[in-house]
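Please look at the structure below before reading the points.

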Amino acid sequence: MAKTVTAAEMKERERAANEAGLLYIQMMENAGRAAYAELKRRVPALRRLLIVAGKGNNGGDGFVMARVAAKEGVQVRVLLAEGEPKTADAKTNLARLAETAAEVVRDTEQAAFGADAVVDALYGTGFHGELRPGGAAACALMGRERERGAFVLALDLPSGVSADSGEVAEGAVQADATVTFDCTKPLHFAKASKPFCGALVCADIGIGKALGERET
Ligand SMILES: NC(=O)C1=CN([C@@H]2O[C@H](COP(=O)(O)OP(=O)(O)OC[C@H]3O[C@@H](n4cnc5c(N)ncnc54)[C@H](OP(=O)(O)O)[C@@H]3O)[C@@H](O)[C@H]2O)[C@@H](O)CC1
Ligand SMILES: [K+]
């Protein structure tokens, strides 16, 4: 069983792993690849994929997924729901999408294209408070896509949920599955937020090994 840690403890594990030689950009690569492998297990006939990305590292994980999927021949559309990414690693991975046929759109209106699956890469452990109008619109889009039959996979946690308290903001994403990274977080088990996660998978992104922890 994976350990459960708070958002601050997770940041500290990532910092220590980076210092031990597993660079942040490699952790993001591992996270995006692990999530994509899980999505393929759940939606084997994946042909069209919509990635809804925020401006932080959760969005960066989504850009990695977009690249890997597009290189496999999946039709990929990426919605920059909060505008351009703000973190260095997310920026790098958005730039790398130019290597692929993935389409990047900036308007919620342009996002719907009959996707089989939608990746919620809007907010991860950095989310706090209530949804603002742009975020609420992106979450509502994911809700409509799910009602239409698309499989919704959340990266780390469903957007609109706070990692430590499990508080669920009005309009939060309902996921079919959530892939979290390295360790689970309190929201995955809190009474109010657990149902929003769907099936929970904790993916190994190499941090335990980098920290010299015994493999389980
Ligand atoms: N670190 C690593 O090495 C690894 C990290 N990984 C991944 O990174 C994720 C954490 O990334 P992160 O810390 O960049 O935060 P993230 O969750 O993307 O969101 C922050 C953005 O959201 C915004 N925001 C917040 N609240 C908001 C609101 N109510 N309404 C609107 N906006 C709001 C906030 O904006 P601000 O509050 O500053 O305005 C900020 O711009 C983690 O969950 C995992 O997926 C993996 O790649 C593994 C390696
Ligand atoms: K998310």
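Helix α3 (residues 57-71) and helix α4 (residues 88-95) have axes that come within 8 Å and cross at roughly 25 degrees. Angles under 35 degrees count as roughly parallel, so α3 is roughly parallel to α4. The model is predicted.

**Helices α3 and α4**

- The crossing in which α3 passes α4 is left-handed.
- On the α3 side, the contact is made by N57, G59, G60, F63 and V64.
- On the α4 side, D89, A90, N93 and L94 make the contact.
- Sorted by type, the residues of this contact of α3 with α4 are four nonpolar, four polar and one charged.

- Strand β6 spans residues 177-181 and is mostly covered, with five of its five residues buried.
- In a regular strand, side chains alternate between the two faces of the sheet.
- In β6, A177, V179 and F181 point one way, while T178 and T180 point the other way.
- The residues on both sides of β6 are buried.

**Partners of β6**

- Strand β5 (residues 151-155) runs parallel to β6 and is joined to β6 by three bridges.
- Within this pairing, A154 stands opposite T178 of β6.
- Strand β7 (residues 199-203) also pairs with β6 in the parallel sense, over five bridges.

Key:
Residues are numbered from 1 along each chain as its sequence is written. Chains are lettered from A and ligands numbered from 1 in the order in which they are written. This is a predicted model: local features need pLDDT of at least 70, side-chain atom pairs count only at pLDDT 80 or more; totals for chains, interfaces and linings use all residues. A residue is buried if 20 or more other C-beta atoms lie within 10 Å of its own, exposed if 12 or fewer, and partly exposed in between; C-beta atoms are placed from the backbone. Helices (H or I, at least four residues) and strands (E, at least two) are DSSP runs, numbered from the N terminus. Two strands pair if DSSP finds at least two bridges between them. Axes are lines fitted to C-alpha atoms, for helices over the stretch in contact, and angles run from 0 to 180 degrees between N-to-C directions. Angles under 35 degrees count as roughly parallel, over 145 as roughly antiparallel, 65 to 115 as roughly perpendicular and the rest as oblique. A crossing is left-handed if the near helix is turned anticlockwise from the far one by less than a right angle, and right-handed if clockwise. Two residues are in contact if their C-beta atoms, placed from the backbone, lie within 7 Å. Ala, Val, Leu, Ile, Met, Phe, Trp, Tyr, Cys and Pro count as nonpolar, Asp, Glu, Lys and Arg as charged, and the others, Gly among them, as polar.
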